[in-house]
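Have a go at each task before you read its solution.

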Amino acid sequence: MTSVENMLAVYNATPADSMLRSILRRILANLKDVGDMTIYDLADTCYTSPASISRLVKKLGYKNYSYFQKDVVDCISKYEHHNRLIPLDSIPEDQDLPDYFMDTLEGLMANMRRKLDKERVGRLTRMIHDSEKVSVYSYTGYFAEIFLQSDLFMTGRICDVYQQEREMLEHTQQLTDKDLVILLAPKCIQGTDADRIIDYVHRQGAKVCIITDSRHFSGLKKAEESFVFEGVMHSVDTLVLQMFLCIVVMEYRRIYIDE
């Protein structure tokens, strides 16, 4: 999850009349200027105090304003990569964007259908049910995770979802050998701490299931279970990973809640 997506998640979950939402709105509207702003400049822009900005960046998972500022600058520099479902330069001249997007999705779905192993999906649902706690470390989005989280709480199990690497690394210290971590890891997170996170999970004795669009993902050999649906290295791949998690959720609900 990028710094912008993180802010949007908090913004969307915050009451419309709250001061926090007002501050976030002004930051989001001035993203390209954050790199040149001191914490005092940003506080003036948001009509608030530096202390409020400091509290906000810590709420967002950053150690201090400098870390937040660097992450925003980095996100903006990579905006074309992270926030474009289909790169425009990959579209053939004889196709328009909607058609190419649908063709890409159809290809990804056909590949997913070929690779889908229902027996292994069942095995993963049993792993989930047999775990004391299930944690989802997700770089891909935030809708299938909510379905899984709600179903697990319905069956008396704890399920937490983390989308910031800092939070993931900190959370690994709370794991035990009765826990399971589901890591949704698309290609676009290359260069992150995902591999180190897996090592930390195993140090605590917990199990890992990786769901990815890359058979070259370095953590695959370390995982107790893994599912690979090779994609096209666009952000559109994350839709497939989310859809697969939805299948897992539906199977879990069918077995452990509906029956």
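Contact here means heavy atoms within 4.5 Å. This is a predicted model, where local features need pLDDT of at least 70, side-chain atom pairs count only at pLDDT 80 or more, and totals for chains, interfaces and linings use all residues. Residues are numbered from 1 along each chain as its sequence is written, and side-chain values use heavy atoms, with hydrogens and water left out.

**Exercise 1. The whole chain**

Work out how the chain's radius of gyration fits that of a compact globule.

*Solution.* Start with the rule: take 2.2 Å times the number of residues to the power 0.38, with the radius of gyration taken over C-alpha atoms. Finally, 46% of the 259 residues are buried (under 20% relative accessible area; exposed is over 50%, partly exposed in between, with a 1.4 Å probe and protein chains only).

**Exercise 2. Two helices**

Find out how H1 and H6 are arranged.

*Solution.* Helices are DSSP runs of H or I with at least four residues, strands are runs of E with at least two, and both are numbered from the N terminus. H1 covers residues 3-12 and H6 covers residues 65-77; they pack at about 110°, with axes 8 Å apart. Axes are lines fitted to C-alpha atoms, for helices over the stretch in contact, and angles run from 0 to 180 degrees between N-to-C directions. The pair is therefore roughly perpendicular (65 to 115 degrees; under 35 is roughly parallel, over 145 roughly antiparallel, the rest oblique). Now zoom in: Ser3, Val4 and Met7 of H1 touch Phe68, Asp71, Val72 and Cys75 of H6.

**Exercise 3. One face of H12**

Which residues of H12 are buried, and why do they line one face?

*Solution.* In H12 (residues 194-203), the buried ones are Ala194, Ile197, Ile198 and Val201. Looking down the axis of H12, they fall within an arc of 100°, so they line one face; the arc is that of the directions from the helix axis to the C-beta atoms. Their cover includes strands S1 (133-138), S3 (179-185) and S4 (207-212), plus helix H11 (165-172).

**Exercise 4. Ile255**

Is Ile255 buried or partly exposed?

*Solution.* First find Ile255 in helix H13 (residues 237-258). Its relative accessibility is 27%, so Ile255 counts as partly exposed.
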